[in-house]
Amino acid sequence: MNSDLLYWMLLAHSESLKPAERLAVLRAAKGRLEDYSRSEMAELPEDLRQRLRAVWDEVAREGFLLERLRNQDIRVVVGSDPLYPERLKKALKTATPLVLYGVGEVSLLNAKRAVAIVGSRDANPKTLELTRRASRYLAREGYVVVSGYAKGVDQAAFEGTLGNGQSIAVLPQGILDKSSQGAVRKHSGAVNAGDVLFVSELHPQAVWQARFAMMRNRIVTALADVTIVAQTGLKETVVGGKRKQSGTWNAAKTAKEQGRRVFVFDLPHEGNQALIREGLGEALPVTGDDTMFHYLEDAISAGPAAPRSQEAREMEPSHPNHPSRDPEEERFWRELEDPVNRPRLLALIRSVLEELSLESVDKGVAQRAKTQKKTKTRGNQSPLIPPDP
C-alpha cells in the first residue's frame, strides 16, 4: 500500500482546512505528505499546524478505506500522479481537486481528443435521439465523450458511445455510493473492456447532493476540448415560488470561462436560443446527416478559443457592464420567447418583410423605366457599345 495516498486523501477531504490552506501544505511538503506529517511543519502557522495534526490522526481509519478501494479495483489518482489530467490543472488551477477516484480505464483522463455533452434532465425525445447520434459519431471518430451521467441528455450521451468508442462519466457522489456501484455493475463489460471510466472527486462514501451535481460541471467541461449543449432551460426559473438555477446553463458558462468553445444545438428551445443570444454558445446547425458533425470537427481542429480581452467580455450581453438593450428591444425578445405571442409576432415579421420586398421591387421597376427613358432620349450612348458613325 502506498501510504502517501492516505495523506493526500485526508488533506483533500478535511472539512477543517480551506482550499488555500491545503495548497499551502502541499507546497510546504513538496508533495511528500507522509514524510512531512512526521516533521515539525515549522513553515505553517501554529493554528494550521494544530488542525493538520488532527487531520493526520485519522490515517488509520482512512487506511481501511484505501484497502477497500484497492480490493474493488478503484484507482486513486493524486495531483502528483503522472496520470492526473493536465486539462484539469490548466483549467481549474488552484481549484483543481487534489484526488480523483476512478473505476475503469484511467488513461482516458488524458485523452488526446475529448468532447463534453451536457443538457437537461427533461430533454424531449428529438433532442435525446440527436444527442445519441452525436455521441455515437464522435465515439466512432475516436473522441472520448465526457458526460455527467445524470438522466436525460447525460444518459443519452453515455449510451451513444457504448459499443462505438470510449467515454468518461463524472459522478456527483462518491465512487463507493450505492448508485455509483450500481452504474459500475451495470456497465461492467464496457469498464473491463477499457471503454468506460467512472470518476469522482468526492470522498468515496459521499452521497448525492444538489451542490455536488453543480460542482461536477467544472470537471465535465475541463476534461474536454469543447462542450456541446444539447438542450437547456433558461438561466433561472421559478419553481414553487423558489428560484432555480439551470445546471446546464451553469456548465456552458463554466466551459466558456475555462476557454473552451461551446456549441449549442440550434433547436427551437427557448433556453438554447437564449444561450446563443447571450454569447455563451455558438449555434450548431442541426442536419439530418453528418454535416453538422463535420462542422464541429473543423471547429475542434481549430483549437481552443483565444482568451478574450476585458473589452470583449464587456461587450457580451451577459456581462454586467454591457450597454443595455433598448427597452423596446428587450420587450420584443421576451414576447418572442413566449409561446403564446410567438405565432403573432412571426406573422407580423413575415408581413413586414413581404412589404419591404414588394416596395424594393416597385422601386427597382420605376428606376429601370426611368433609365430606359433617358437612354432613348440620348440615343445609344452605352459605354460598352460605341455610337454609330
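The side chains of Arg-218 and Glu-201 meet in a salt bridge, with 2.7 Å from N to O; a salt bridge is a side-chain nitrogen of Lys or Arg within 4 Å of a carboxyl oxygen of Asp or Glu. Arg-218 lies in helix H11 (residues 210-222) and Glu-201 in the loop between strand E6 (196-200) and H11, so the pair ties together parts that are 17 residues apart in sequence. Helices (H or I, at least four residues) and strands (E, at least two) are DSSP runs, numbered from the N terminus. The model is predicted: local features need pLDDT of at least 70, side-chain atom pairs count only at pLDDT 80 or more, and totals for chains, interfaces and linings use all residues. Residues are numbered from 1 along each chain as its sequence is written, and side-chain values use heavy atoms, with hydrogens and water left out.

**Salt bridges**

- A search of the whole structure finds 17 salt bridges.
- Glu-129, Arg-132, Arg-136 and Glu-159 are joined in a network of such bridges.
- Arg-38 pairs with Glu-34 in a salt bridge, and their closest N and O atoms are 3.0 Å apart.
- In the salt bridge between Lys-253 and Glu-257, the closest N and O atoms are 2.6 Å apart.
- Both Lys-253 and Glu-257 belong to helix H12 (residues 247-257), where they are four residues apart, about one turn of the helix.

**Exposure of the paired residues**

- Glu-201 counts as buried, at 16% relative accessibility.
- Arg-38 counts as exposed at 60% relative accessibility, whereas Glu-34 counts as buried at 19%.
- Lys-253 is partly exposed at 37%, and Glu-257 is exposed at 54%.

**Helices H11 and H12**

- The axes of H11 and H12 come within 9 Å and cross at roughly 40°; axes are lines fitted to C-alpha atoms, for helices over the stretch in contact, and angles run from 0 to 180 degrees between N-to-C directions.
- H11 and H12 are therefore oblique to each other, since angles under 35 degrees count as roughly parallel, over 145 as roughly antiparallel, 65 to 115 as roughly perpendicular and the rest as oblique.
- Met-214, Asn-217, Arg-218 and Thr-221 of H11 are in contact (heavy atoms within 4.5 Å) with Gly-247, Asn-250, Ala-251, Thr-254 and Ala-255 of H12.

Technical notes
Buried < 20%, exposed > 50% of the residue type's maximum accessible area, 1.4 Å probe, protein only.
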